[in-house]
Amino acid sequence: MVTSHLGEDTDTIKYWKQSPVELVKRNQKEQGKDIWIVGGAKLIDPLVQANLIDTYILTTVPIFLGSGIRLFDRLEEQVPVRLIDVYQKNELVYSIYQRG
C-alpha cells in the first residue's frame, strides 16, 4: 500500500516509505507478472513520468462534478496511448488504453 499515512504491517497489508517509482521498480524485479495501481495524480504522475505504466484502465463514474481531484496533474509531455477495449459493468464504463 502506498499512502501518506503509514501504519503497522499486517499479514495482508504492507506499508512502504519509498516513492512510487522506487516501489514499482523494486517489485518489477520480483517474481510475478502484473502490478496493479489505483490512485490519483500524486501516485500516478511520477509513474507516468518514469514510463512505468503499460496499461491504463480509466473508469468513468456517471456523476458530473463541478470540481474535483485531477487524474493527471501536469505531465511534462504527452503520453501516446491507443484504445484497446471499452466495456460497461453496471453503471461504470471502463476504457482500457495501452501505452503507444
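## Ground rules

Residues are numbered from 1 along each chain as its sequence is written, and side-chain values use heavy atoms, without hydrogens or water. In this predicted model, local features need pLDDT of at least 70 and side-chain atom pairs count only at pLDDT 80 or more, while totals for chains, interfaces and linings use all residues.

## The core

The largest nonpolar core has 8 residues: V21, V24, I44, L47, V48, L52, I53 and Y56. Such a core is a set of buried Ala, Val, Leu, Ile, Met, Phe, Trp, Tyr and Cys residues joined through side-chain atoms within 4.5 Å. Buried means under 20% relative accessible area, with exposed over 50% and partly exposed in between (1.4 Å probe, protein chains only).

Helix 1 (20-28) and helix 2 (41-49) each give two or more residues to this core. Helix 2 gives the most, with 3. Helices are DSSP runs (H or I, at least four residues) and strands are E runs of at least two, numbered from the N terminus.

I44 belongs to this core. Beyond its neighbours within four places in sequence, I44 is in contact (heavy atoms within 4.5 Å) with I37, G39, I53 and F72.

## The pockets

A pocket is an open set of points on a 1 Å grid where a 1.4 Å probe fits, with protein on both sides within 12 Å along at least five of seven lines; lining residues have an atom within 4 Å of a point. The largest pocket holds about 1100 Å³ of space. I35, W36, I37, V38 and T55 are the closest to its centre among 31 lining residues.

The second largest pocket holds about 160 Å³. Its lining includes V48, I53 and Y56.

Terms used
Points joined across faces, edges and corners; volume = space filled by probe spheres on them.
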